[in-house]
Amino acid sequence: MARTQPEPPAFDGHAFAAGLPLAPGVYRMIDAADAVLYVGKARALRNRVGSYFNATPKPARIMAMLAQVARIEVAVTRSEADALVLENELIKSLRPRYNVLLRDDKSYPYVLITRDEYPRLTLHRGPQTVPGRYFGPYPNVTAVRETLNLMHKLFRLRNCENSFFRNRSRPCLQYQIGRCSAPCVALIDRAAYMESVRRAELFLEGRNDDLGAELTAAMQAASDALEFEKAAQLRDTIASIRRLQSRQTMDGRSADLDVLGVALQGGMACVLLLAFRDGRNLGTHAFFPKTNGEDSAAEVLGAFVSQYYNEHTAPGEIVLDREIPERELIEQALGERAGHRVALRTSVRGERAAQLDMVRRNAALALATELTSSGAQQARSEALRDLLGLPELPGRIECFDISHTMGEATVASCVVFDVQGPVRKQYRRYNITGIQPGDDYAAMHQALQRRFRPVAEAAPDAVVPDVLLIDGGEGQVAQARAVLLEASVDGVVLVGVAKGPERKPGAETLLLPDGREVQPGPASPALQLIQQVRDEAHRFAITGHRQRRLKARVTSRLEDIPGIGPRRRAALLKHFGGLPGLKAAAVDEIARVEGVNSALARRIWEHLHGLG
C-alpha cells in the first residue's frame, strides 16, 4: 500500500527569529513554491523579523503574506545604508508580490555627447550602448529638447547622424542658422571644436560660474588679439548664460532640486516628480507604483524614493510632500551613492512651498486621470464582471449614498458609471423629506423609490442599471431589495458595500446577490472600481447635503425676523457674503444695506445673537 508523504511542518517564525543576530541586514520571505513574497531591511534582524510573529495585531495584507511564508533567508550587511541599497537591488530584480514596486515601462531620455572624432550632441533613449557621456535622466523628452535647443545655440555642436556627417560637401542649414560650426567641411578645426565640447560638458554639469569665468577670460584674450568677431560670439554666449542665472535667482531655485508628491486612491498610487537641473525646470513625470495593498502614502513615497534614486543620481535637495519612514537613513544612503550630501525636506516656504503645492495637485489630477483612463477602466470592469459572474461587462453601474448631519438636511445621491467612467450628466440628488431624522433605512428606501418609479410606470425613457451599488450593510441592501421587488425591476445585480474595520479603504465587505460576503482586498481591480464609484457617490451626496444645510440655516434664521422678505434677505447675504459675515457685522454696518433702517438692523442683530 502506498504511503502518503507527511506535510512539512509549518514555518516557526518565533524560533527562526530567535536565532538571528542583532545586526543590520536584509531578509527575504519565501513561499512553498520558492517565490519571494517580500524583501525588507532591518537595523537589527532579530528584532525586525521577530516583530512579524509576535501577538501585535497586523493589517490583513501582512497576515495574508505571513500565511504563505515557508522560509526566510537573511543577508547581514555592514550598515543600515548597505542594507537599504541591497534591499532596493533585490526588489528590482525579484519583484516580490508584497513590496511596493516602482513600475516604469518607458526609458528615460538623456543628453548624449558621443566619443566620435567630432562628438555629436543629441537626445538618447534606451540602453546606453553608444560610446559617449550621458547627462540626465530628464523627466520627459520636452525638457531634453529645450536643453539641446539652448546648447546648440551656445556651443554650435553638430547633431547629425554619422552617415550624414561623413558625406557632406557643403554646410547644412544648421550652420546657416548659427546652430552648428560645420566641422563636416572643416570650417572649424578639431582643437577648437573639442574646446566647445568641453564647455558644453561644463554647462551640463551645472558649473555655470566656472564656465562664465572661462568665457570671460577668453573674450578678453580675443579682444586683446583684435579678434573682435570671436570676442563678440563669446560675449553673446556669456550673456545667454548670465540671463539663465539671473532667471534662476529670481525664481529662487537651486541648481539641482527634485520635488515629489504622492496621491493614493482606490488601491492605486501616483508619485509626481518635478525636476530642476542647473536651475532649469525640466518638467514633471508621473509614476504609478504597484502598491500591492499598501495604503500608507508615506510608505509608498518612501519606497519610491529608495528605489528611484537607487537607479538615478539624487540631487542635493529633494522636497517631499510628507515625512517618510527612516528619512535620515535614506538621506545617508542616497548621499553615499551620489557622492554629495542629499537633503530630504518636508517643511518648506516661499517658492518651494508653491512648487510642492503644484506637485500635490498634479499628482491628484494624474491619479484621477489614470483611474478614469479607458485602459484602466476596462481592466477594472472586466474584474468586476468576473467577480459578480456577469455574462458581459456592466454597461451601467449606479451607486446610492445618504448624507446628513444628525438627521438634518438629508440628501441621497445617485451617480452613474459606464465602461468609460463617470457619466456626470446623469447624476441625481434627492432631498429626503417626511422621515424620522437620522433614519438611513427610510432615506435609502425613499431615494430608491423615486429613482425606480419611472421604471415601474414603464416610462419610455426609463433605464435600468446592470449593477446597483448600495453604500451600506444588510439593512440598506434590504431596503433596495424591497424597492426593486415593489417596482418589478428584474435583471439588476444588487451589491452592498459595507465599510471595513475603522472604515479602512480596501477592507470593505461586499454583500453579493447570492448571499455571500466577500472581501476582495485592496489589490483587487474589481474592488478598486467599486471604491471609485462609491467615493464619487459619497462626494456628490456630501456636496448636496452641505448646500441644503447652509440654505436651510440661512433661510430659517432670516425668515423668522419680521420685516425680512426675499429681497432684503438676498441683499443682506450678498452684501456680507453669507450668514457668517452678517452675524459678524455691527448694527450700523447692517443699517448701510439698502432697504434696512436702524430699527430693522437692530432687530436683525439681536435675532442673530439670540437676543430677539
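**Entry 1: aromatic rings**

I began with ring pairs and found that the structure holds 14 aromatic pairs. One of them is F304 with Y308, a stacked pair with 5.3 Å between centres and 10 degrees between planes. For my own reference, rings of Phe, Tyr and Trp (its six-membered ring) pair if their centres lie within 6.5 Å, and planes under 30 degrees apart count as stacked, over 60 as edge-to-face and the rest as tilted.

Before going on, I note that this is a predicted model, where local features need pLDDT of at least 70 and side-chain atom pairs count only at pLDDT 80 or more, while totals for chains, interfaces and linings use all residues. Residues are numbered from 1 along each chain as its sequence is written, and side-chain values use heavy atoms, with hydrogens and water left out.

Where do F304 and Y308 lie? Both are in helix 11 (residues 297-311), four residues apart, which is about one turn of the helix. Helices here are DSSP runs of H or I with at least four residues, strands are runs of E with at least two, and both are numbered from the N terminus. An α-helix has 3.6 residues a turn, so residues three or four places apart point the same way.

I then looked up accessibility, with buried meaning under 20% relative accessible area, exposed over 50% and partly exposed in between (1.4 Å probe, protein chains only). F304 is buried at 2%, and Y308 is buried too, at 6%. The pair belongs to one aromatic cluster made of F287, F304, Y308 and Y309.

I stayed with helix 11 to check its length. Its 15 residues reach 21 Å from first C-alpha to last, close to the 21 Å expected at 1.5 Å a residue. The expected span is 1.5 Å times one less than the number of residues.

Helix 8 (residues 190-204) came next: its 15 residues should span 21 Å, and its end C-alpha atoms are 21 Å apart, which agrees. Which residues of helix 8 are buried? I listed Y193, S196, V197, R199, A200, L202, F203 and L204.

At the start of helix 8, a side-chain oxygen of D189 comes to within 3.2 Å of the backbone nitrogen of A191. Just after helix 8, G206 has a positive phi of about 85 degrees.

**Entry 2: charges over rings**

A charge sits over a ring if NZ of Lys or CZ of Arg is within 6 Å of the ring centre and within 35 degrees of the ring normal. I noted R451, whose charged end sits over the ring of F452 at 4.6 Å from its centre. I also noted R602 over the face of W605, 5.8 Å from the ring centre.

**Entry 3: cysteines**

How many disulfides does the structure hold? I found zero, with a disulfide taken as a pair of cysteine sulfur atoms within 2.5 Å. For C414, the closest cysteine sulfur is in C399, at 8.2 Å, too far for a bond. C414 is buried at 2% relative accessibility, and C270 is buried at 0%.

**Entry 4: K41**

Is K41 buried or exposed? At 16% relative accessibility, K41 counts as buried; this lysine is in strand 2 (residues 36-42). Its side chain makes a polar contact of 2.8 Å with the side chain of E326. Polar contacts are N or O pairs within 3.5 Å; within protein, one atom must be able to donate a hydrogen and the other to accept it, and residues adjacent in sequence count only if both atoms are side-chain atoms.

Leaving out residues up to four places away in sequence, K41 touches G25, V26, Y27, R48, A83, L84, E87, E326 and L329. Contact means heavy atoms within 4.5 Å.

**Entry 5: positive phi**

Most residues other than glycine have a negative phi, and most peptide bonds are trans. R95 lies in the loop between helix 4 (80-94) and strand 4 (110-114) and is partly exposed at 45%.

S488 is another residue other than glycine with a positive phi, near 55 degrees. I found S488 in the loop between helix 16 (474-486) and strand 17 (493-498), exposed at 59%.
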